Amino acid sequence: MIQTVEALEVSVHALGVRAGARGGDARSAAEDSLEDYAFRYVPRSFRRWSALSVGGTALGSIAFLADFSIGASVGLEHGTTNAVLGILLASVIIFVVGFPVAYYAARYNLDLDLIARGSGFGYHGSIITTVVFAGFTCIFFALEGAIMAQGLEVAVGIPLPIGYVISTVVVIPIVVYGMRALERLQFWTTPLWLALALLPLIWVVFTQPDAVTEFIGFEGASDGTVSFSAIVASAAVCFALTPQLAEQIDYIRVMPPRTAANSRSWWAAFVFSGPGWVIFSGTKQVIGLFLAVYLVTKVDPALTDRAAEPVKQFLGMYQSLVPDWIALALVLVLIVVAQVKINVTNAYSGSLAWSNVYTRVKKRYPGRTVFVIFNLAIALSLMLMDVFSLISFVLSLYANVVMAWFVTISADIVINKHLLRLSPLFPEFRRGMLHNWNPVGPVSVGLASVLSLLCFAGAFGPAMQPFSVLVAIGVAVVVTPLMAIATRGRYYLRRTSDGIPSPILDSDGNPSGERLRCHVTGYTFERPDMLASAESGPRGELQFVSSLALTLDDSDRYVLPAEPATTLHRDGRGRML
């Protein structure tokens, strides 16, 4: 491992385990997180990839095949027109909601948990959002792992339960090595995936134009009419994929500083690999619907619902072009490549999320590998419970909570930070600068989730059931600023000054690359990761402490006292500066 971020110069004094701080855990976490930065800002010295390289790596993670299944599922039920309009509706909303969140991640080099802390949830409150995201990685891993197991069963005859185990353990060697290993995997496998998935499809479209005609006129289980409720019901399933943006963020948070020299490539990489992931996702959903229609109209009308399985889709397409044994081999390669590409990301992002939650709650860091295994164990259990057979229901249900969560964070950034100025513009994430809990985020997510789930369950009548996700979105957009106004923004910051005289941003508005030594761990960290310590040095000099050390500190001995509410810097209208 190339330790480029913190100079691992440890003083004898710092090596002692200090009372009130778990110094050994802090040092272990610092060393282990050099590759993944599970709980903290990604420093400039680590971000040596170009913007386009980061963007390409991030896009490599959206090779998942669940998109094909989702598009097919909603299309088989509601018909092509309703399904495509639903996919388009969901894609537009996800892009709009995701843009500000992804921008904060790329600009300030933070993961979603760190952004949520200063965007309405507080230091401990963001645990809520992190658990929601961690749950998504488990569900999505299970869905993708099930697809891989289906491919192994069809191509090689491996029983599904054994296939579930294989699809789980195959990602472990890659995931434990962090971002560098993932970057190499995504770079080298993306061209192969594109060739296997798209070339046969292009051939079918150009050589069998009647297949396109059948696709456009396909009615599915509907009566063929265009219905707004059917469009929204289709979109509801697609909304459950929104947390994929959080996985994209785990890549784009390593974007290089944006400067005048790289501004165009920075923005292009950000837009397409950040919020723009949904453009590719929506396209794949439409392709999945096309393949399902192709199967039931041209290959085997008896397949019905099984036409939503990506294995069946690609096998049927390949068999119409090449001999069966070649088709089986191609499908196996495609399935394995696609599932490894996405599930290393699911396992990686899930392990970061679980380790973040555990470390803040328990003040201990047992190592990220523990949480890789934990995340995969949950995913394997879901596979064994056959979660894939309930894909539409599970994703529709989960979408209500997912959109309540994401819209709350996005609304806080756009409305509370930039319009009302009740939330600090800089996404604060450091313990000591934040209150443990901010009622803005939890109340918004809680109320939006409860009302949308009640709607989903039929409490407001069957006519309202398809609109449950829109209820979650609408409630979150309204409640988030109302809560900020009601609390007058008092719970965002406990301090406005971190006690360090140098600026946290450079002249280009990027996080500063200045390095300061943490007196708890003895390591040097970059300026945005540091605070002044409440414990002075031996001669009364100012000392600095890293956010990582504060995360693992089970006392407040290094935390500066809170500022009185009257000293928090606001303008004449009471808005946070």
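## Helix packing and cores in a predicted model

The crossing of helix 4 and helix 12 is right-handed, meaning that the near helix is turned clockwise from the far one by less than a right angle. This is a predicted model, where local features need pLDDT of at least 70, side-chain atom pairs count only at pLDDT 80 or more, and totals for chains, interfaces and linings use all residues. Residues are numbered from 1 along each chain as its sequence is written, and side-chain values use heavy atoms, without hydrogens and water.

The axes of the two helices come within 10 Å and cross at roughly 160°. Axes are lines fitted to C-alpha atoms over the stretch in contact, with angles from 0 to 180 degrees between N-to-C directions. Helix 4 and helix 12 are therefore roughly antiparallel, a term for angles over 145 degrees. The table lists the residues in contact (heavy atoms within 4.5 Å).

| Helix | Range | Contact residues |
|---|---|---|
| Helix 4 | residues 66–78 | I70, V74, H78 |
| Helix 12 | residues 228–239 | A230, A233, S234, V237, C238 |

The protein has 22 helices and 4 strands. These are DSSP runs: H or I of at least four residues for helices, E of at least two for strands. Of its 577 residues, 60% count as buried, or under 20% relative accessible area with a 1.4 Å probe, protein chains only.

The largest nonpolar core holds 148 residues. Such a core joins buried Ala, Val, Leu, Ile, Met, Phe, Trp, Tyr and Cys residues through side-chain atoms within 4.5 Å. W193, F239, M255, F314 and I409 touch the most other members. Helix 7 (residues 126–156) gives the most, with 15 residues.

Methods
Buried < 20%, exposed > 50% of the residue type's maximum accessible area, 1.4 Å probe, protein only. Parallel < 35°, antiparallel > 145°, perpendicular 65-115°, else oblique.
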